[in-house]
Amino acid sequence: MSSPLDLSLTPTAADLDGERADLLQTLAVHRGFLRYTAQGLTDAQAAEKSTVSALTVGGLIKHVAATEAAWYRFMVGGAAEMESVALDWEDEHRMNPGETLQSYLDNYAAIAAKTDELVKNADLNKSYPLPEAPWFEAGAVRSVRRVLLHIIAETAQHAGHADIIRESLDGQRTMG
């Protein structure tokens, strides 16, 4: 990847309605920032904790991919589908022995492609009740559109975290 802003594979407004094109392009930008942050890292560097936080570049990519996959399941089948895959929150934030940065990036690309296909065709107004969890208000529902906005925010936030960690590792920054 030559630039975090390479949007050559992103559908344009001519291909989709404006809202869908905007959602896909915004997802592509923030995913690109996250992937760019990992560019050129070894597996050892991707697993390195370079700040007082336990976060790592590899762990963040693993987490963002797992989170997007969970919300993808929600968008296609609601809370039951979202919860059909057990998640280990701590594990999804770390690189375990034998896991590689490239495998995380490949998994993330596959999940992103599925989400992108969903954005092209889904009813963005379709809503489902959220799973019962202490961090969700009781009885709340989320539309596919709102979930996509959440995925964008989550990706952008963690791309920023990854950028700080990367700069602490070797001085490289995504921007600037």
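Is Y104 buried or exposed? In this predicted model, Y104 has a relative accessible area of 6% and is therefore buried, the limit for that class being under 20%. Y104 is found in helix α4. Leaving out residues up to four places away in sequence, Y104 touches G58, I61, K62, R94, M95, N96 and E99. S127 lies 23 residues from Y104 along the chain, and the C-alpha atoms of the two are separated by 30 Å.

Helix α4 covers residues 101-121 and packs with helix α1, which covers residues 18-38. Two packed helices are described by the angle between their axes and the distance between the axes. For α1 and α4 the angle is about 175° and the axes are 10 Å apart. An angle over 145 degrees counts as roughly antiparallel, so α1 is roughly antiparallel to α4. On the α1 side, the contact is made by R20, L23, L24, L27, R31, L34, R35 and A38. On the α4 side, the contact is made by L101, L105, Y108, A112, T115, D116, V119, K120 and N121. By class, this contact has ten nonpolar, five charged and two polar residues.

The length of α1 was also examined. At 1.5 Å a residue, the 21 residues of α1 should span 30 Å, and the end C-alpha atoms of α1 are 31 Å apart, so the two values agree. At the start of α1, the backbone nitrogen of E19 has a side-chain oxygen of D17 within 3.1 Å. After α1 comes G40, with a positive phi near 85°.

L23, one of the α1 residues in the contact with α4, has a relative accessible area of 7% and is therefore buried. Apart from neighbours within four places in sequence, L23 is in contact with V119, L124, L148, L149 and I152. Of these, V119 is among the α4 residues that meet α1. L23 and R35 are twelve residues apart along the chain, with 18 Å between their C-alpha atoms.

A112 has its place in helix α4 and is one of the residues in the contact with α1. With a relative accessible area of 7%, A112 is buried. When neighbours within four places in sequence are set aside, A112 is in contact with R31 and E68. A112 and G77 are 35 residues apart in sequence, and their C-alpha atoms are 18 Å apart in space.

E68 is placed in helix α3. The relative accessible area of E68 is 1%, so this residue is buried. Residues up to four places away in sequence aside, E68 touches R31, Y108, I111, A112, T115 and I151. Among them, R31 belongs to the α1 side of the contact between α1 and α4, and Y108, A112 and T115 belong to the α4 side.

H93 lies in the loop between α3 (57-82) and α4. At 11% relative accessibility, H93 falls under the 20% limit and therefore counts as buried. The side chains of H93 and H63 make a polar contact of 3.4 Å. With residues up to four places away in sequence not counted, H93 touches L55, T56, G59 and H63.

Methods:
Residues are numbered from 1 along each chain as its sequence is written. This is a predicted model: local features need pLDDT of at least 70, side-chain atom pairs count only at pLDDT 80 or more; totals for chains, interfaces and linings use all residues. Side-chain values use heavy atoms; hydrogens and water are left out. Axes are lines fitted to C-alpha atoms, for helices over the stretch in contact, and angles run from 0 to 180 degrees between N-to-C directions. Helices (H or I, at least four residues) and strands (E, at least two) are DSSP runs, numbered from the N terminus. Angles under 35 degrees count as roughly parallel, over 145 as roughly antiparallel, 65 to 115 as roughly perpendicular and the rest as oblique. Contact means heavy atoms within 4.5 Å. Ala, Val, Leu, Ile, Met, Phe, Trp, Tyr, Cys and Pro count as nonpolar, Asp, Glu, Lys and Arg as charged, and the others, Gly among them, as polar. Buried means under 20% relative accessible area, exposed over 50%, partly exposed in between (1.4 Å probe, protein chains only). A polar contact is a pair of N or O atoms within 3.5 Å; within protein, one must be able to donate a hydrogen and the other to accept it, and residues adjacent in sequence count only if both atoms are side-chain atoms. The expected span of a helix is 1.5 Å times one less than its number of residues.
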